Amino acid sequence: MSASFYLLLAIGLLGAWDVIYFHIYRCQLHLRPECRREVLWHTARHLVYALQFLWVAHLRFHGAALVGLGVLYAADVFIAWADVWEEKESRASQGGLPRGEYLMHVVLSVLVGLYLMSTFQAVWPDRLLPTAIQVAPPAVPVALRALMTVMGVVALGAFAHDLYRWFSRRAAGEVGTPEVLSRRVVVEALIPAPVERVWERSQEPDQHTGWDLRFSSIRYLPEQDARGFHLMEYLTRLGFGLEVAGWGRYLSNAPLERSTFEFGSEDPKSLITHGRGVWLYERRPEGTFFKTVFDYQTRHGAAGGLLDFYLFRPMMQLATEWSFETLRQWCAGDEGAVERRRSRWRFVLFFIARTLGGAPAPGAARSWLGSGRESAQAPSEARSLVEVAS
């Protein structure tokens, strides 16, 4: 592991210069609202590299324990890709990356490639050993191992500090950070069908679960609130006998125009604790403009918030988009759309394609994370939006 150690040490030192000089001093990413999402990817990278610094300097993984390393390096590659993708938008106001930072990224990419190959060659024979994690430092000077250990501790501290700062600003509703604070799930579709059909298929539980991939069943419970609205039970089957249970109820209903709702779950398997949203229906010459905006709070503290930001919320966004497109096709006369698009494998392929930058087909449902007041289907207005949990 000596070669991997020296390569990682060089990557860590160059990466620290990249962060301190370019990110903090020259570009001041932490002060720019448009760069907040990029900064959050950098925060996740602090954790990934902290773990790498600590294990390369001290540990050796054998047997099945190597799976943990595979997950760590897969996360590293994914975060690097997401960071590059985010830079296109977050650095646009600055004219893109400075030339020096761009050159630094090229050098770091080459070093990371060499580091990954060197590490793979070093640990590959260890797959045949009994599963274990052993203290086995590489044959390098003790002073350099101490330096890398300090780098790991500093990276962990930077991760905790930046994550705390992000959540503190989000909880305080800091002014001037729309990219961070406005992350409601927004989905809309122009459905070539009368509003009466769209209303029925979205409001009637049995028909709703036919096209909405997010739910396996929805049923009204006997209990009613003071306004006469029935409480609803939601179930989502995850596979392998696991289910996630939740509840929902209407806050208001204006037939064929608008319904607002709240939802939540006491199930610890659910990341969602409580949320609110709205469904909007608008008659158009082409059919029905159908839109939803919703937001929710999460459980499990900072870990839950981080999981929501990077994976769960984008998945909820695209699962809702996929479901709206299923409803659009079904209402347009494709009777096989519901059964065909219930396949979760099809959705996984769709999720990967959209995450990698693929655009919706012309006329298909569209989604994004935003305030909910914008629209891809002008001239619809958001005058009837409800306030939803942040």
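Contact here means heavy atoms within 4.5 Å. The model is predicted, so local features need pLDDT of at least 70 and side-chain atom pairs count only at pLDDT 80 or more, while totals for chains, interfaces and linings use all residues. Residues are numbered from 1 along each chain as its sequence is written, and side-chain values use heavy atoms, with hydrogens and water left out.

**View 1. R201, a buried arginine without a salt bridge.** R201 sits in helix α7 (residues 195-203); helices (H or I, at least four residues) and strands (E, at least two) are DSSP runs, numbered from the N terminus. R201 is buried, and buried means under 20% relative accessible area, with exposed over 50% and partly exposed in between (1.4 Å probe, protein chains only). The nearest side chain of opposite charge, E335, is 4.6 Å away. For charges, Lys and Arg count as positive and Asp and Glu as negative, with His and the chain ends not counted. A salt bridge needs a side-chain nitrogen of Lys or Arg within 4 Å of a carboxyl oxygen of Asp or Glu. Leaving aside neighbours within four places in sequence, R201 touches Q207, H208, W211, L327, W330 and C331.

**View 2. Helix α1 and the residue Q28 just after it.** Helix α1 (residues 2-26) runs for 25 residues and spans 34 Å from its first C-alpha to its last, close to the 36 Å expected at 1.5 Å a residue. That expected span is 1.5 Å times one less than the number of residues. Among the buried residues of α1 are F5, L7, L8, L9, D18 and F22. Then comes Q28, in the loop between α1 and α2: not a glycine, yet with a positive phi of about 50 degrees. Q28 counts as partly exposed, at 36% relative accessibility.

**View 3. The largest pocket, about 1400 Å³ in volume.** Of the 44 lining residues, R37, W41, F309, Y310 and P314 are the closest to the centre of this pocket. Helix α3 gives the largest share of the lining, 13 residues. Elements that each supply at least two lining residues include α2 (36-58), α9 (301-331) and β10 (366-370). As for terms, the search uses a 1 Å grid over the protein atoms alone; a pocket is an open set of points where a 1.4 Å probe fits, with protein on both sides within 12 Å along at least five of seven lines, and lining residues have an atom within 4 Å of a point. Grid points are joined across faces, edges and corners, and the volume is the space filled by probe spheres set on the points.

**View 4. D212, buried in a loop.** The loop in question runs between α8 (205-211) and β4 (217-224). D212 has a relative accessible area of 0%. Beyond its neighbours within four places in sequence, D212 is in contact with S323 and R342.

**View 5. The R60–D126 salt bridge.** The closest N and O atoms of this pair are 2.6 Å apart. R60 is in strand β1 (residues 59-62) and D126 in the loop between α4 (99-123) and β2 (132-135), so the bridge links parts of the chain 66 residues apart. D126 is buried, at 8% relative accessible area. The whole structure has 20 salt bridges.

**View 6. The D267–K269 salt bridge.** Here the closest N and O atoms are 3.2 Å apart. D267 is buried, with a relative accessible area of 12%, whereas K269 is partly exposed at 46%.
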